[in-house]
Amino acid sequence: MADIKNFTNGLIKNNPTFVQVLGICPTLATTTSAKNALGMGLATLFALLLSNIVISLIRKIVPENVRIPIYIVVIASFVTVIDLLMHGFLPELWESLGIFIPLIVVNCIIMGRAEAFASKNGVVDSIFDALGNGLGFTGALFLVGSVRELIGNGSILGINVWGNTFKIPLLILAPGAFLTLGMLLAMFNTIGNAKKNQKKKAGAKK
Amino acid sequence: MNLVLLFISAALINNVLLSRFLGECPFLGISKSKDSAIGMGLAVIFVITLSGAITWFLNELLVFLGLEYLQTIVFILIIAVLVQFVELFLKKTSPSLYEALGIYLPLITTNCAILGMSLLNIRENYNFIEALINSFGSGCGFALALIIFSAIREKMQLNDVPKAFEGTALALVTVGLLSLAFMGFSGLV
């Protein structure tokens, strides 16, 4: 049964970046600007969507023992397609994302969703799951990218916000990636903890 | 002399973990104890050098056949096969090394540093020796960063940290500081 829960589960409750902490390499490497982050997120979303659809379609004919290599070939084929398309139509973005486009193959989110969800559920559910997780990942990347670009360069998506008046260029360099993600994770932990406490209190009152 | 510079830049300046952002998953996952960090580090040095060499030859073959677009698929399959093969080979020939590396080897297939360095070698147009040195250097850099970080993390386990920072958040901030320290190496070359 198609269920909207599959969508929201990946998007918020089990967000691949902030809750499950998967796919950290692209999250750190491609978030130097909001635009790169968005491009990477969408490329991953398409790879995830297509591979989830195919894997859920072939789930009944794939022998149990060789499923992992088959999943890898499916994912790698779609990533190659996306790589070639981006090279053709978005050469600038392709250039700045560099080897991280072919590296979508080893992004643990895609393999994780294939193994944990698409191999056990129908096509419609798998599409919802892929959209939820893919958009969750894209949103997280966009958030990290925006924060880094805003504080590091004073702009978001290339649009000037406060320009040169306040800038910490370190955030665009390598250490900034780790620091920003660490801080954002701590922020979401705080929100999560507060919600849990609220629920506990509400439960105690009843 | 150039090769020495290449090694230093691969290991320290462009450290795979701290400045190229490759292989973060095992870095955050396996760095909780120093012993497993050493095991993982050695396994990565071994496999990354081997796969760097093999993928270089494979790429020549693909270019010869005019099939460069198959790079990603071929490389990831070769790496997966290679890891399995190394595991079987070590089990037969050197049980003690197998004991030490054993559980970390299968995890390496999904380590993006291996595929990443193979692709980088080719994008940078390195010749065979340069590719070998570059792969070996980055493997050493991976091991170095992993071992340093695990030592820091072992100390941190006993500390009292704010609740929000428990776990990965604090680890990431620590890596950020470590990465800041490694930026100092950029003055070396």
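In this predicted model, 1 cavity of 30 Å³ or more is present. The largest cavity has a volume of about 100 Å³. It is lined by 14 residues, of which Cys25(A), Pro26(A), Val106(A), Asn107(A) and Cys112(B) are the closest to its centre. The element that gives the most to this lining is α2(A), with 3 residues. By class, the lining of the largest cavity consists of 11 nonpolar and 3 polar residues, with no charged residue.

Cys112(B), one of the residues closest to the centre of the largest cavity, is also among the buried residues of α7(B). This helix comprises residues 112-123 of chain B, and its end C-alpha atoms are 16 Å apart. That distance agrees with expectation, because 12 residues at 1.5 Å a residue should span 16 Å. Helix α7(B) is mostly covered, with 11 of its 12 residues buried. Besides Cys112(B), the buried residues of α7(B) include Ala113(B), Ile114(B), Leu115(B), Gly116(B) and Met117(B). Ser118(B), Leu119(B), Leu120(B), Asn121(B) and Ile122(B) are buried as well. The packing partners of these buried residues come from both chains: α2 (24-29) of chain A, and α3 (34-65), α4 (71-93), α6 (105-108) and α8 (128-156) of chain B. Just after α7(B), a positive phi of about 55° is found at Asn125(B).

The largest nonpolar core contains 97 residues, and the members that touch the most others are Leu103(A), Leu22(B) and Ile108(B). Helix α4 of chain A (residues 67-89) supplies the largest share of this core, 9 residues. With neighbours within four places in sequence left aside, Leu22(B) is in contact with residues of both chains. In chain A these are Cys25(A), Ile99(A), Phe100(A) and Leu103(A). In chain B they are Val16(B), Leu17(B), Cys112(B), Ala113(B), Gly116(B) and Met117(B).

Leu146(B) is part of helix α8 of chain B and is classed as buried because its relative accessibility is 0%, where the cut-off is under 20%. When residues up to four places away in sequence are not counted, Leu146(B) touches Leu17(B), Phe27(B), Ser31(B), Ala37(B), Met40(B) and Gly41(B). The C-alpha atom of Leu146(B) is separated by 22 Å from that of Ala80(B), which is 66 residues apart from it along the chain. In chain A, Ser126(A) lies in helix α7, residues 123-153. Ser126(A) is likewise buried, at a relative accessible area of 0%. Beyond its neighbours within four places in sequence, Ser126(A) makes contact with Asn52(A), Ser56(A), Phe117(A), Ala118(A) and Asn121(A).

Two or more lining residues are given by each of α1 (5-13), α7 and α8 (174-205) of chain A. Of these elements, α8(A) gives the most, with 8 residues. The lining of the second largest pocket divides into 7 nonpolar, 6 polar and 4 charged residues, whereas the lining of the largest cavity has no charged residue.

Note on methods:
Residues are numbered from 1 along each chain as its sequence is written. Chains are lettered from A and ligands numbered from 1 in the order in which they are written. This is a predicted model: local features need pLDDT of at least 70, side-chain atom pairs count only at pLDDT 80 or more; totals for chains, interfaces and linings use all residues. Side-chain values use heavy atoms; hydrogens and water are left out. Helices (H or I, at least four residues) and strands (E, at least two) are DSSP runs, numbered from the N terminus. The expected span of a helix is 1.5 Å times one less than its number of residues. Buried means under 20% relative accessible area, exposed over 50%, partly exposed in between (1.4 Å probe, protein chains only). Contact means heavy atoms within 4.5 Å. On a 1 Å grid over the protein atoms alone, a cavity is a set of points where a 1.4 Å probe fits but cannot get out, and a pocket is an open set with protein on both sides within 12 Å along at least five of seven lines; lining residues have an atom within 4 Å of a point. Grid points are joined across faces, edges and corners, and a volume is the space filled by probe spheres set on the points. Ala, Val, Leu, Ile, Met, Phe, Trp, Tyr, Cys and Pro count as nonpolar, Asp, Glu, Lys and Arg as charged, and the others, Gly among them, as polar. A nonpolar core is a set of buried Ala, Val, Leu, Ile, Met, Phe, Trp, Tyr and Cys residues joined through side-chain atoms within 4.5 Å.
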